[in-house]
Amino acid sequence: MPSPFQRFVDAAERDRRTLTVYASDPDAAKPVRDRFETRNARIEFRQLPDGSPEFLVVRTDDEFVGSIGLNTVEQALQPSIPVLGTPPDEPVRSFVAALAGATFAAYDRRQLLATTREFEDRAVRVGHGELHVGFQSRDAFEKQLAGYRQMGSETDLAIHVYFDSPYPMPIESLNVHDDADELARFWFLCYDGGGGDRQKCALAAEERQPDEFYGVWTYDPESVDELLAAVRSING
Amino acid sequence: MNNTQTIFEGTDDAVIEALADERRRCVLYYLQEHEHGTVPFDELADLVTGWTNAGGGVADADDRRRVAIRLHHVDLPMLEETGLVAVDDERRVTLRSLPDDVREPLAELLTGRLSH
């Protein structure tokens, strides 16, 4: 059975979209890039002559999803600014809303680290609940060991860490699982939010080439719950 | 049409007819500007769908299918007949030749400056 994190990463990659901005000015792609770059989308630009219509084409790898005028997208992205004239109609609103899916993604290790730190901080702030973490390698774990010990002793978090072979010593205040072959290959973090939906989050990253990662994360309670259920069931 | 005729005075009738339609002008212009004149059919269909629907709401997969059918059965054959483009077995579309007296007015037509 593939690891739940493999499924999570693969599903995100299948859903990955390409947003191609067709416009005369490359700067026209900036708002789209700022808004959607980490939202599991690749942003591209194609030059058109001055004065031509400007638009955005959305595709998955094999399918055309839709296209929309760039002005319309920009209006729909600024709901807080009163816009003269008619507000975007329902198909436009739902199309633009669907551009920002529930999954974020990055190929950038620093971005993935920053998100991991953000999730750890979130768990510490809430101070209780279950936190499941995989470090992909023992070396990576050992760099974080002191911080995790402290988290375990200073909060009421139940912290579970995963390895694919016996860990040489017990680690106080952490629950060590050392036969988790399916999980240990991934860099991951799943937090149950301490019970409520608002703080739930999960991240999984795969090292595809030495030091080249593809990672995805989500705040969607349903997706986080699914991952947690799968991790707990592997735990026994 | 009248306007197009005036601009392309002296040009072959078949070329004039090929250029009378916004979708075909858009294809020609894009080919001229991109990838050394060769663009996959799918990209042209995306382009024309986005271009012709940019003023409205959302163009969906059905709109795109209609554009693709027309491109495949009407627009590209017409452009091929005039010798302006060639379509290969893998549905890549290549710009063959654009007479100098077509090239410049085409760009202007596309952006609407000469279309009114």
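Predicted model: local features only at pLDDT ≥ 70, side-chain atom pairs only at ≥ 80, totals over all residues.
Let's start with burial: a residue counts as buried under 20% relative accessible area, exposed over 50%, and partly exposed in between, using a 1.4 Å probe and protein chains only. Residues are numbered from 1 along each chain as its sequence is written, chains are lettered from A and ligands numbered from 1 in the order in which they are written, and side-chain values use heavy atoms, with hydrogens and water left out.

Where does A:Lys200 sit in chain A? You'll find A:Lys200 in the loop between strand S9 (187–191) and S10; helices (H or I, at least four residues) and strands (E, at least two) are DSSP runs, numbered from the N terminus. Setting aside neighbours within four places in sequence, A:Lys200 is in contact (heavy atoms within 4.5 Å) with residues including A:Arg122, A:Tyr191, A:Thr218 and A:Asp225. Its side chain also makes polar contacts, at 2.8 Å with that of A:Asp197 and at 2.9 Å with that of A:Asp225. A polar contact is a pair of N or O atoms within 3.5 Å; within protein, one must be able to donate a hydrogen and the other to accept it, and residues adjacent in sequence count only if both atoms are side-chain atoms.

Now for the charged pairs. Side chains of opposite charge can pair when their charged atoms come close. Over all chains there are 24 salt bridges, each a side-chain nitrogen of Lys or Arg within 4 Å of a carboxyl oxygen of Asp or Glu.

One of them links B:Glu43 and A:Arg46 at 2.9 Å, N to O. B:Glu43 lies in helix H4 (residues 41–53) of chain B and A:Arg46 in strand S2 (residues 41–47) of chain A, so this pair joins two chains. B:Glu43 is buried at 14% relative accessibility, and A:Arg46 is buried at 18%. Both belong to a salt-bridge network that also takes in A:Arg42 and A:Glu44.

Another salt bridge, at 3.9 Å, pairs A:Asp211 with A:Arg109. A:Asp211 is in the loop between strand S10 (201–209) and strand S11 (212–218), and A:Arg109 is in helix H5 (residues 109–126), so the pair ties together parts of chain A that are 102 residues apart in sequence. A:Asp211 is exposed at 55% relative accessibility, while A:Arg109 is partly exposed at 40%.
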